[in-house]
Amino acid sequence: MFNHKAKIKGAIDKIEIVFDDRMIPHIFAQNDHDLYLAQGYVTAMHRLWQMDFQTRFAAGRISEVVGDKAIEVDRYQRRMGMVYGAEKSLKGMMADPKAKEMILAYTEGINAYIKTLSKANYPLEYKILDFKPENWTPVKCALLLKQMSAVLAMGSDEFYMTNILKKFGPEVTKNLFPDYPFREDPIIPVGTKWDFSPLPIPKTPESFTQAQTGEVKTTEKVEGIGSNNWALSGSKTASGYPILANDPHLDLTLPSIWYQIQLHAPGVNTYGVSLPGAPGVIIGFNQKIAWGVTNVAADVLDFYQIKFKDSSHNEYWYNNKWKATTKRLETIKIRGGKDEIDTVYYTHHGPVVYFQKPKYGRADNVPVGDALRWIAHDESNELMTFYYLNRGKNYNDYRKALTFYTAPAQNFVFASIDNDIAITPNGKFPLKWKDQGKFILDGTDPAYDWQGWIPNAQNPTVKNPPRGFVSSANQSSTDTTYPYYINWEFAPYERGKRINDRLSAMNKATLDSIRLMQTDNYSIVAQNLVPALLPLLNNEQLNATQKEALAYLKKWNKRYDAHEIAASVFEIWTKRLSYNIWADEFEVKGIPMRYPSRDRTVEMILKEPNATWYDNIKTSKKESLSDLVNEAFKYSCDSLERRFGPINKDWDWANVKQTNVPHLAKIPGFGSKVLQIGGNKGTINALNETNGPSWRMVIELGKTPKGHGVYPGGQSGNPGSKFYDNMIDTWANGKLYDLFYMQSPDDQSGTVISRLKISK
Amino acid sequence: MVFIVILIICFLLQMIAPWWIIIVISFATCGIIGKTGKIAFWQSFFAIFLLWIGYALFKSLPNDNVLAGRVAVMTGIKLWWALLLVTGILSGLVAGISGYCGYQFRMAMLAKKTDEKIA
């Protein structure tokens with residue numbers, strides 16, 4: 001065992017950091033300040049380049065590192081108001097003495113580590129990309145949290161929806177893009193009573209505006225960033241104490257998105273995952289409680305059409321008079337070039353993102369000339385939520401912690417040793433009239449503004465429901481009785497349905513039953529569609545390979561397991577079918593639109609065999625559903641055959657999918673190998689090509705809580721370290737590690753490989 | 001002799017000096033004790049070839065060549081040992097050429113002196 005010593009001037013008392021055999025740090029401090037100081041220090045020690053690079057990206061400063069090829073990326077970040085939002089958010093954090101102490105100590109710790117570095121021992125990526133670390137500042141913590149909002153709550157379809165409304169009219173739009181799905185299994189169980197009297201809902205204005213269009217291609221709604229969590233009450237577990245599980249799905253990277261850590265100081269002993277760049281534990285547990293999060297697809301981002309007085313953009317029309325814009329100058333430094341000064345005009349709604357359409361994929365859904373109203377621009381203090389959860393003892397502490405949270409809205413699942421379980425879709429939700437923000441809004445009329453907020457206590461929540469469990473998988477938060485409007489569309493229901501089906505049937509649950517559930521590859525999409533599609537296939541017109549593929553499909557157990565050939569065929573088949581149905585109407589040059597949801601498509605296939613949408617309007621022939629299904633099936637088999645030859649093991653789902661974990665900056669060789677594993681976006685084990693469970697955690701509460709977890713990567717951010725990717729195989733195999741929840745620095749119940757003692 | 005001198009001096013100086021110290025040392029050594037152009041080139045070459053490969057192995061083997069393997073993929077060479085070989089050859093060439101130049105420099109200086117004497 002190695003003992004190291006370090007001196008940090010800012011430390012108040014002695015700090016001990018114990019590293020276990022997976023290099024996970026367990027920090028033992030005498031006070032909060034030292035706790036977060038040490039968290040900053042040790043996180044920088046393992047992940048400095050990642051923290052630095054991610055926050056530079058968030059702040060629109062990549063051109064500083066790589067030159068003018070990143071200029072559109074930087075402009076986008078700036079013009080979306082990332083720095084503006086981070087500055088406001090920081091104001092909120094600094095106004096709270098506890099949050100301020102946390103951030104300042106964390107910053108101090110990171111900088112203390114940076115100070116120890118000489119050029120020779122900079123992390124490797126600095127040398128490859130040829131730049132150097134810079135001192136950490138508190139606004140970087142805020143930027144990191146804003147970037148999480150950008151990843152999880154920047155989705156916006158209103159530009160597409162407005163184009164659809166304009167092209168097809170209100171009736172078709174309502175029919176194809178309904179406000180509640182055909183099939184749903186909401187997070188708050190159907191029938192849960194709302195024990196509050198709601199605020200009056202603002203009146204829907206009578207007018208409706210439409211937007212101009214730009215020249216970009218239609219994109220299908222990308223699914224994949226989602227998550228699962230659930231908690232079982234003691235009545236359904238073998239131990240009699242609750243079990244809580246969580247697996248947030250994100251774009252996977254190396255170094256890992258998350259950083260495991262244990263924080264121990266007077267009043268707190270918590271273990272879980274943190275985000276490199278933010279103090280505290282985000283998802284984890286302590287002696288008494290456990291908590292986790294999944295994303296809520298709340299509509300907290302809206303675009304407003306703005307009427308400017310003239311091309312100087314100095315004034316805009318609002319509430320029947322001209323109102324002045326403010327200017328914010330964004331200076332973008334460019335390596336090997338002159339600085340660029342980008343002027344962004346702000347209305348009271350927020351920034352006007354673009355006056356001209358940029359050539360940049362992520363900006364496709366941003367309408368030109370419109371102002372952005374986004375929750376991430378508001379003052380906020382999410383850190384306190386985690387501060388209180390880390391120290392929480394019971395249900396009341398959980399409820400109190402949630403009141404501090406703004407964005408990105410999350411389904412906070414909770415379990416306590418008192419056998420309370422709960423779930424709350426939580427965040428700061430604007431008080432809106434129904435469908436406000438489904439389409440681009442009129443920026444001249446105050447009736448279209450956000451009119452206030454849903455009181456935090458009235459966010460949907462449920463405690464100890466009769467069914468004995470709570471769960472979420474990004475689906476609709478509630479049934480249709482909830483008095484407020486959160487959004488018109490959420491993630492498809494299939495994952496949530498599968499989770500609820502399994503949990504309902506489960507009794508005497510143990511760690512293993514929950515672990516196996518997290519890696520469940522059973523597809524509800526296939527369960528719904530296979531019986532409807534197979535009879536439409538015209539057997540006689542299939543060639544030998546297609547017939548063989550059909551035989552696989554008929555025998556298929558509807559699991560996206562690694563070696564399923566049928567899964568590969570089905571996946572490409574249904575994707576092509578969706579294209580066959582919608583592309584002719586919804587892919588129009590110059591009018592960016594999106595397809596109707598999977599839920600609506602499935603409903604139409606099952607219930608509307610004669611819908612007019614099946615006809616391909618680009619041909620003179622009249623196509624039926626069966627024509628499209630047959631074409632799509634042949635297309636699927638033919639494309640697989642072209643790639644891999646006649647049916648053989650290369651057709652396996654894992655081989656078609658090619659799951660891997662790339663490096664954060666996509667440096668070749670620094671990512672993982674291709675992993676032969678199953679899963680699909682519609683299954684609980686939501687594993688796509690480079691997107692999936694970024695952390696799997698199962699917590700068994702009890703006298704001493706037992707934690708289990710794994711992520712696809714390792715603690716170290718150093719590509720040369722064996723701790724860079726040592727957990728990947730365990731993760732790929734669907735196994736979990738027992739987490740070493742230490743009670744004292746001398747706890748002997750696990751393996752310790754080194755210690756770091758910090759003093760003044 | 002050139003071989004052993006360069007190897008030892010470079011080994012020691014590289015602990016503190018930047019990589020291009022091998023150029024200076026090869027040039028100086030061959031400029032002082034280089035006997036023929038052939039010796040100057042090849043002994044410098046092998047001194048640094050072996051020093052760099054040896055030192056890289058000393059660092060890389062305990063690491064199970066993890067980092068060398070990743071960097072090999074990054075550079076497109078694919079195999080860690082091939083990367084090592086390329087490193088050795090490049091550094092050897094640098095040292096060899098520099099040593100040869102050092103030797104030729106001395107020859108030129110000597111010739112100049114002789115010319116002056118004759119004149």
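I started at I27(A) and, skipping neighbours within four places in sequence, listed its contacts: I15(A), I17(A), L35(A), A38(A), Q39(A), V42(A), I261(A), Q262(A), L263(A) and H264(A). A reminder to myself: this is a predicted model.

Next I looked up the nonpolar core. The largest one holds 211 residues, and I27(A) is among those with the most contacts inside it, along with A38(A), Y41(A), A231(A), V413(A), F414(A) and V569(A). I then checked which element gives the largest share of this core, and found helix α1 of chain A, residues 32–58, with 14 residues. There is also a second, separate core of 18 residues, and I noted I25(B), F27(B), F49(B) and A95(B) as members.

Then I stepped back to chain A as a whole. I counted 19 helices and 25 strands in it. Its radius of gyration is 26 Å, close to the 27 Å from the globule rule for 760 residues, so chain A is as compact as a globular protein of that length. Along the principal axes, its C-alpha atoms fill a box of roughly 80 × 65 × 60 Å. Buried residues account for 53% of the 760 in chain A. I also looked at contacts between residues at least 6 apart in sequence: 73% of these join residues at least 24 apart.

On to where the chains meet. I found 7 residues of chain A in contact with 7 residues of chain B. On the chain A side, those residues split into 4 nonpolar, 2 polar and 1 charged.

I picked one sheet to follow by eye. It is an open sheet of 3 strands in chain A, ordered β15-β10-β18, with mixed pairing. β15 (370–374) and β18 (441–442) stand at the edges with a single partner strand each, so one side of each has no neighbour in the sheet. β10 of chain A, residues 301–305, pairs with β15(A) in the antiparallel sense over 5 bridges. Within that pairing I located F303(A), which stands opposite L372(A) in β15(A).

Last stop: Q546(A), in helix α14 of chain A, residues 544–555. Is Q546(A) buried or exposed? I found it buried, because 21 other C-beta atoms lie within 10 Å, and the cut-off for buried is 20 or more. Leaving out neighbours within four places in sequence, Q546(A) is in contact with F633(A), K634(A) and C637(A). I also checked it against Q262(A), one of the contacts of I27(A). Q546(A) and Q262(A) are 284 residues apart in sequence and 54 Å apart in space, C-alpha to C-alpha.

Methods
Residues are numbered from 1 along each chain as its sequence is written. Chains are lettered from A and ligands numbered from 1 in the order in which they are written. This is a predicted model: local features need pLDDT of at least 70, side-chain atom pairs count only at pLDDT 80 or more; totals for chains, interfaces and linings use all residues. Helices (H or I, at least four residues) and strands (E, at least two) are DSSP runs, numbered from the N terminus. The radius of gyration is taken over C-alpha atoms; the globule rule is 2.2 Å times the number of residues to the power 0.38. A residue is buried if 20 or more other C-beta atoms lie within 10 Å of its own, exposed if 12 or fewer, and partly exposed in between; C-beta atoms are placed from the backbone. Two residues are in contact if their C-beta atoms, placed from the backbone, lie within 7 Å. A nonpolar core is a set of buried Ala, Val, Leu, Ile, Met, Phe, Trp, Tyr and Cys residues joined through C-beta atoms within 7 Å. Ala, Val, Leu, Ile, Met, Phe, Trp, Tyr, Cys and Pro count as nonpolar, Asp, Glu, Lys and Arg as charged, and the others, Gly among them, as polar. Two strands pair if DSSP finds at least two bridges between them.
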